[in-house]
Amino acid sequence: MDMKEVAAKYADYQVEMRRWFHHNPELSEKEFETAAKIREELDKMGIPWEHCGLETSTLATIKGAKPGKTVLIRGDMDALTVTEQTGLPFASKNPGVMHACGHDCHMSMMLTAAQILNDMKDELCGTVKLAWQSSEEVATGAKAMVADGAMDGVDGCFAIHVWGDVPAGKVTCDAGPRMGAARKFEIDVKGYSGHGAQPHAAVDAIVAGAAIVNSLQTIVSRKINPAEPAVVTVGTFNAGERWNVISGNARLEGTTRCFSYDVFDKLPEYVEQVAVDTAKAYGCTAEVKDTLLVPPVVNNPEMAALARSVAREVIDEEAPIEVPPTTGGEDFAYFMEKAPGCVLLLGVGDEASGACYPNHNSKFTVHEPELIKGAQIYAKLAMDFTSGKKVEF
């Protein structure tokens, strides 16, 4: 059975599902209508599913007629707190909530891949697990699914993310680091408040906080090997209650990003050391809280080679392109810690059709004809991997 012919039957279905999800976006951990729609579609296909991880996450299973490996493919579900400005007829009906990162595409590609695989299960080897994962944007969904056993018995895993900065018809799935590790830090600086006219009688937390902001930048310039990319960003700085009062408290929040597991493990220590010692130099104290969000996404070389091979078959020989990694985080990394994996970025940028804005932009949209190709890539990856197909890399 030719997969492209099977997929062609579901081209309209793919668009219909994508537009339904786009019109009905829901925020992280609240994707109740979204989950109900996915489960309703799976029931129509006769594909068994179960709750897995957070309440709105769903794990479906398609068993092939032949023996083989087990693979997991994932599509994330949550929308963003963005007010949509696309003007599309199927634009978000929920004010201030938008699928501005393409998760509507991921869910619909996964449902379409499920249709294709279900139709072809007589030719399918092994088992395909399909994970509709909630709450990627807040990095809680993948960890919960893994803890609930989604990766039990899985030999490999794949995820596709539509990407506005990659041209339609292109795919990037290079081996090695692809998306950054992300941590959040919170720094509470404590001094001693006083009158703005009498600085000698107070300990200014704002001055100490400002020094911490500057000093944190030396982590990258002086603590990290120049060959290892890293980012330290302070995103918020809150202090003071009145213009003529020296503040006794300041609070800083920020994030660190990197691609190396070694750097990832050291960054919290460096942030705390700089914050505590700098605050002390100004007569203040600092307490630091570190929150792990996601580890780095590092594509397995063999899995990346298979993904490039599939992209060539589904799109064309020129489809795979090299694109620098991004420090944006992706919680699919938790799945990849359990089995070899690969994240593919599917190009959906097309200026002629208005798809010329980056992910997370209020005008973000996609070149829809690429989505049926994404569904085929999901399905072909599953079939090739479970059959044990080997590709040189």
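Guide: Helices (H or I, at least four residues) and strands (E, at least two) are DSSP runs, numbered from the N terminus. This is a predicted model, where local features need pLDDT of at least 70, side-chain atom pairs count only at pLDDT 80 or more, and totals for chains, interfaces and linings use all residues. Residues are numbered from 1 along each chain as its sequence is written, and side-chain values use heavy atoms, leaving out hydrogens and water.

Visitor: OK, at what angle do H6 and H7 pack?

Guide: About 140°, with the axes of helix H6 (residues 205-223) and helix H7 (residues 261-281) 9 Å apart. That makes H6 oblique to H7 (under 35 degrees is roughly parallel, over 145 roughly antiparallel, 65 to 115 roughly perpendicular, and the rest oblique).

Visitor: Which residues of H6 and H7 meet?

Guide: From H6, they include Ala-208, Ile-212 and Ile-219, and from H7, Leu-267, Val-271 and Val-274 are among them. Contact means heavy atoms within 4.5 Å. By class, the contact of H6 with H7 has 11 nonpolar residues, three polar and one charged. Here Ala, Val, Leu, Ile, Met, Phe, Trp, Tyr, Cys and Pro count as nonpolar, Asp, Glu, Lys and Arg as charged, and the others, Gly among them, as polar.

Visitor: And how far apart are the axes of H8 and H10?

Guide: 9 Å, and helix H8 (residues 301-314) packs on helix H10 (residues 369-386) at an angle of about 130°. So H8 is oblique to H10. Met-303, Leu-306 and Val-310 of H8 are among the residues making the contact, as are Ile-377, Leu-381 and Phe-385 of H10. The contact of H8 with H10 splits into eight nonpolar, one polar and four charged residues.

Visitor: Switching to strands: what's the order in the open sheet?

Guide: S1-S2-S4-S3-S5-S15-S6, seven strands with mixed pairing. Two strands pair if DSSP finds at least two bridges between them.

Visitor: Which strands stand at the edges?

Guide: S1 (49-51) and S6 (171-172); each has a single partner strand, so one side of each is left without a neighbour in the sheet. S1 pairs with S2 (residues 58-63) in the antiparallel sense over three bridges, and His-51 stands opposite Thr-58 in S2.

Visitor: What lies across S1?

Guide: Helix H3 (residues 32-45), which also lies across S2 and S4 (125-133) and runs at about 155° to S1.

Definitions and conventions:
Axes are lines fitted to C-alpha atoms, for helices over the stretch in contact, and angles run from 0 to 180 degrees between N-to-C directions.
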